[in-house]
Amino acid sequence: MGALAFLPPAVAQDRTTEEGEAQITDPNVECTPYTYPPVAQAENQFPPTWTVATILPNDTAAQNRYNSIQGQIPNIPPKGTQPQSLTGDFGGFSYPSDDPDCWWTSSHCDYPKLPGIPNDITTVPEPGTLGYGFDDGPNCGHNVFYDFLQSQSQTATMFYIGSNIMDFPLEAQRALADGHEVCVHTWSHRYMTALTNEQAFAEIYYILRPLTHLQLELMKLVIGVTPTCWRPPYGDVDDRIRAIAQAMGLRTIIWQYDSSDWLGNATVTNGNYQALIDAATIGTFNDIGTIFLTHELTNLTMSEAIDWYGNLTSAFKHLVPVGVALNVTKPYVEDGYTLPTFAQYVNGTHVGSIVGSVNGTTSNTTTSTTIPSATATTTSSTPTAGTNAAQILPVNSVGWLVITAALVGGVLST
């Protein structure tokens, strides 16, 4: 397997803008914490990072929004017992074998059993097409990977975690600047069906879209847009969670094939990539395309994506963001930000309009919206790069880990 490699920086690095941050290819610099003033100034308006979100005390807007959707939430209790259920341990939980709640974790059910809830998106309608995307970003060390995607004129759907956006906001901004589609992957990446109604609401609300005080909504605050798509961590969703997401204006995107790259086992990951390619080669996707689960989680997951990219483009007619494959041309609540249609994408237009305007006009350009600058800080320790190893950084006192890339030397080696 190839590795992502980096050359040491020759000049001082700009940690104040998305453009400057995107030029950094040394993980010792990329993954050093820095201060982004808009986030720092609003920090007390959000839950602590990497903890299960709840409605903050005195947050009247959040409480009012939650109250407004309670009537849309079905009477389905949380699964399992916290805290173990938060990380997927449902041991001792008794659940009917007929799967009354369409619980994906139990049966991979993706057709809700309650009326009025849309089916999960697990495939794409375009034949021979792969809905291309990556979970768990923004990774603080993703610049070489994003550079590779940019060199291939390839965009993807990026499912971002709110706590990662808080920690590395300039990295999050790059996704929009490069023309990727950005979707929600919750605040703290816990098993959603284990949460209470209020917790599940807060996990989406604080990363997504308050109807008031939009300046305090995280994706709007940092990236500039409010997504209309989400992916539940681990695919863990049932009709209760689907209803909450639907009430928040989100389409639920799952997957059909899984790389299992997050396990950190290259042999398993390679086997799953090959199985997908074999399926494409024998015509499995001749009538309808598919979605493959991959991550920008570690050096391994990003390196595997690069190593297998050529094989994927040979096996599939098209690799496109999920929204493009669905012809979702307006992926965000805000006007002035669009995705190309599928026809436009396959004919060479890979980036839609990514700059909004107060007068309603748009511009097909990769110039990002003007944003406040950030200030670098060296108050926290810097991760040490390893040759081919993943660096694991603790981000809070309760032991929740963010796995980031520990990458070496500014060139790609295969």
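**Exercise 1.** Is Tyr36 buried, partly exposed or exposed?

*Solution.* The structure is a predicted model, in which local features need pLDDT of at least 70, side-chain atom pairs count only at pLDDT 80 or more, and totals for chains, interfaces and linings use all residues. Residues are numbered from 1 along each chain as its sequence is written, and side-chain values use heavy atoms, with hydrogens and water left out.

Step 1: buried means under 20% relative accessible area, exposed over 50%, and partly exposed in between (1.4 Å probe, protein chains only).
Step 2: Tyr36 has a relative accessible area of 3%, so Tyr36 is buried.

**Exercise 2.** State how the axes of α12 and α13 are arranged.

*Solution.* Step 1: α12 covers residues 266-281 and α13 residues 299-315; helices are DSSP runs (H or I, at least four residues), numbered from the N terminus.
Step 2: the two axes come within 10 Å and cross at roughly 20°. Axes are lines fitted to C-alpha atoms, for helices over the stretch in contact, and angles run from 0 to 180 degrees between N-to-C directions.
Step 3: α12 is therefore roughly parallel to α13 (angles under 35 degrees).

**Exercise 3.** Name residues that Ile223 contacts beyond its neighbours within four places in sequence.

*Solution.* Step 1: contact means heavy atoms within 4.5 Å.
Step 2: the partners of Ile223 include Tyr160, Ile165, Ala172 and Leu218.
Step 3: Tyr160 and Ile223 have the most contacts inside the largest nonpolar core, which has 100 residues. Such a core is a set of buried Ala, Val, Leu, Ile, Met, Phe, Trp, Tyr and Cys residues joined through side-chain atoms within 4.5 Å.
Step 4: the largest share of this core, six residues, comes from α13.

Methods:
Helices (H or I, at least four residues) and strands (E, at least two) are DSSP runs, numbered from the N terminus. Angles under 35 degrees count as roughly parallel, over 145 as roughly antiparallel, 65 to 115 as roughly perpendicular and the rest as oblique.
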